[in-house]
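Here is a short briefing to read alongside the model. Take a moment to get oriented, and then we can walk through it together.

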Amino acid sequence: MPHPAETPLAQRLSHFVGWLADRRVPGPLRAPLYRAFAWWTGANSAEAELPLAHYPSLGAFFVRRLRAGARPLDPDPRAIVSPCDGRIQAVGPVSGGMILPAKGRAYAVEELLAGAADARGLEGGWAWTIYLSPRDYHRVHAPLAGTLDLVRWVAGTRRSVAPRVVARRDRVLATNERAVLHLATSRGAAILVLVGALNVGRLRVVGVEPGAALPAGGPRPLVRGEELARFEMGSTVVLLLSPGMAAPAPGLAAGTPVRLGAAIGRRV
């Protein structure tokens, strides 16, 4: 059933875009099509792991892996690294159970996570909100070492998460479809919320079947920078860390572009 706030037009558009992205592209047309898409969005097709003709569909090209060395990790072992490419939409403390986007409206952490216990443990911690546009690399990686011990799938709308939309509409990130990934670390909990959006009906977590709470083999240990998940179109990642774990990198502010592996915080 569509969410009450989601219009039938938006639902049909999302389904159509997903269908179109999955259509197989004839071999001779692949490289020209993907280069045109990269030019239109500002993506760098030269970073792709494989030759362009190897991607059978636009959707496959969209979630392409990158060539080795394209996103080096910050060498400081204390660094909390960006889990994805994108642009900082907001960074700030969790206060009074709320997150305040830079140009948006405050929303409750409990609502975002669909879990009161997790929300209580994050009071006084920090939250980073990163917006991914169609130009960005769309795989999500671990910002620090830990163990993936819970995935919560939350139904919701598929409204646009573009910053200009979030700035004028209530609680978009807390009501869109999303997956909540819980990482247990030696210093506390790290939670990544993968927020779906208009045209993004598929969130994939590595080793976890959609709807399942755990990888098939049980809790999954992760090293910093290891691949966690992917979006199949642009969206948003919210990273939340328990109090006392880390502080944002100096000078990090709304609008700052970030790349996977760059330091966005430091352990304290």
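In which strand does Thr185 lie? Thr185 belongs to strand 8, which covers residues 178-185. Please keep in mind that this is a predicted model. With that said, here is the picture by topic.

**The chain as a whole**
- The chain holds seven helices and 16 strands.
- Of its 268 residues, 50% count as buried.
- If we take contacts between residues at least 6 apart in sequence, 74% of them join residues at least 24 apart.
- The chain has an accessible surface of about 12100 Å², and carbon and sulfur atoms account for 59% of that surface.

**Around Thr185**
- Thr185 counts as buried because its relative accessibility is 18%, and buried means under 20%.
- A polar atom of the Thr185 side chain lies 3.1 Å from the backbone nitrogen of Arg187.
- The side chain of Thr185 also reaches the backbone oxygen of Gly188, at 2.7 Å.
- Setting aside neighbours within four places in sequence, Thr185 is in contact with Leu144, Ala145, Gly146, Ala190 and Met245.

**A nonpolar patch on the surface**
- Phe16, Trp19 and Leu20 form a nonpolar patch on the surface, and together they have about 330 Å² of accessible area.
- Trp19, one of the patch residues, sits in helix 1, which spans residues 8-21.
- Is Trp19 buried, partly exposed or exposed? Trp19 counts as partly exposed because its relative accessibility is 46%, and that class lies between the 20% cut-off for buried and the 50% cut-off for exposed.

Notes:
Residues are numbered from 1 along each chain as its sequence is written. This is a predicted model: local features need pLDDT of at least 70, side-chain atom pairs count only at pLDDT 80 or more; totals for chains, interfaces and linings use all residues. Side-chain values use heavy atoms; hydrogens and water are left out. Helices (H or I, at least four residues) and strands (E, at least two) are DSSP runs, numbered from the N terminus. Buried means under 20% relative accessible area, exposed over 50%, partly exposed in between (1.4 Å probe, protein chains only). A polar contact is a pair of N or O atoms within 3.5 Å; within protein, one must be able to donate a hydrogen and the other to accept it, and residues adjacent in sequence count only if both atoms are side-chain atoms. Contact means heavy atoms within 4.5 Å. Accessible areas come from the Shrake-Rupley method with a 1.4 Å probe; for residues, only the protein chains shown count as cover. Patches are made of residues with over 30% relative accessible area and no salt bridge: like charges are joined within 9 Å, nonpolar side chains (Val, Leu, Ile, Met, Phe, Trp, Tyr) within 5 Å. A salt bridge is a side-chain nitrogen of Lys or Arg within 4 Å of a carboxyl oxygen of Asp or Glu.
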